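Dear colleague,

I am passing on the structure below, together with some notes on what came out of it. Please read the notes with the coordinates open beside them.

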Amino acid sequence: MTRRAVVTGASSGIGRATVVALRERGWEVTGVARRADRLAALAEETGADVFAADLTQQADIDALAAYLGGGPLHSLVHIAGGALGADRVEDGDPDGWLRMYEMNALSAQRLVRALLPQLRATAAAGPTHADTLFLTSTAAQTAYPGGAGYNAAKAAESMLVAALRQELAGEPIRVIEIAPGMVHTEEFSLVRLGSADAADRVYEGVENPLTADDVADVVAYALTAPGHVNLDLVTLRPVAQAAQHLVHRGPLAPRA
């Protein structure tokens, strides 16, 4: 059976890599993002279907739900999100913090509300299950100075996922959370910090930070695991990152 997924954040980074990974595994995929030009390039490269939408806008969510309603939907894969700034709590911009909440937590709620009926209908038609998968972050698990706005937004999304899993108990719908640590993508730290130099310093000296492809492989595995297997929460970090705040910079080598 060919499975069909909608993947958000598909224009770059982990979202784009996830579209590629699922297409390589034979899935039908609709990639969703704001930037139509990048989506067009993705469609040309992978054969994926694409749909331009701003997931902080209810009208765009409604349009996406209507667009997807023409066939079965097996998986909602919510990768879109992001961080803005690295302000201390006392200096935080409430507008930026609200934007992060909308980008991460509220977008997840809007998507579940709009697409859960289609996922239920697909599962009810059998003989298969449906999936919801959410990309959170280790920032949802551990606070750090300058991260409070992002910590709060991702923690809110993570709690939404945990509550959803309990609310769907008894239904053949998996609820999966993937929480990466340090991932070197082309845009995440650049958008957050506002300059290429500041973004480069985040990864300076770190041997093999995770890549978008690394995370996409884990997402694909979670979705292709046997239908009775639910990966509630997968936390992944590069070996050089022992904890949220503990990153080794320099070559990795055994102690003498």
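Gly81 sits in the loop that runs between β4 (75–78) and α4 (94–125), where helices (H or I, at least four residues) and strands (E, at least two) are DSSP runs, numbered from the N terminus. This is a predicted model, in which local features need pLDDT of at least 70 and side-chain atom pairs count only at pLDDT 80 or more, while totals for chains, interfaces and linings use all residues. Residues are numbered from 1 along each chain as its sequence is written, and side-chain values use heavy atoms, with hydrogens and water left out.

Gly81 counts as partly exposed because its relative accessibility is 39%; buried means under 20% relative accessible area, exposed over 50%, and partly exposed in between (1.4 Å probe, protein chains only). Leaving aside residues up to four places away in sequence, Gly81 touches Met103 and Asn104, contact meaning heavy atoms within 4.5 Å.

Thr132, by contrast, is placed in strand β5 (residues 130–135) and counts as buried, at 2% relative accessibility. With residues up to four places away in sequence again not counted, Thr132 touches Leu76, Leu119, Leu164, Ile173, Arg174, Val175 and Ile176.

Turning to the helices, α1 (residues 13–24) and α2 (residues 36–46) pack at an angle of about 20°, with their axes 11 Å apart; axes are lines fitted to C-alpha atoms, for helices over the stretch in contact, and angles run from 0 to 180 degrees between N-to-C directions. The contact is made by Arg16, Val19, Val20 and Arg23 of α1 together with Leu42, Glu45 and Thr46 of α2.

Within α2, the residues Leu39, Leu42 and Thr46 are buried. Seen down the axis of α2, these buried residues fall within an arc of 60°, so they line one face of the helix, the arc being that of the directions from the helix axis to the C-beta atoms. An α-helix has 3.6 residues a turn, so residues three or four places apart point the same way. The buried residues of α2 pack against α1, β2 (28–33) and β3 (49–52), whereas the face turned away from that buried side carries the exposed residues Asp37 and Glu44. Just after α2, Gly47 adopts a positive phi of about 80°.
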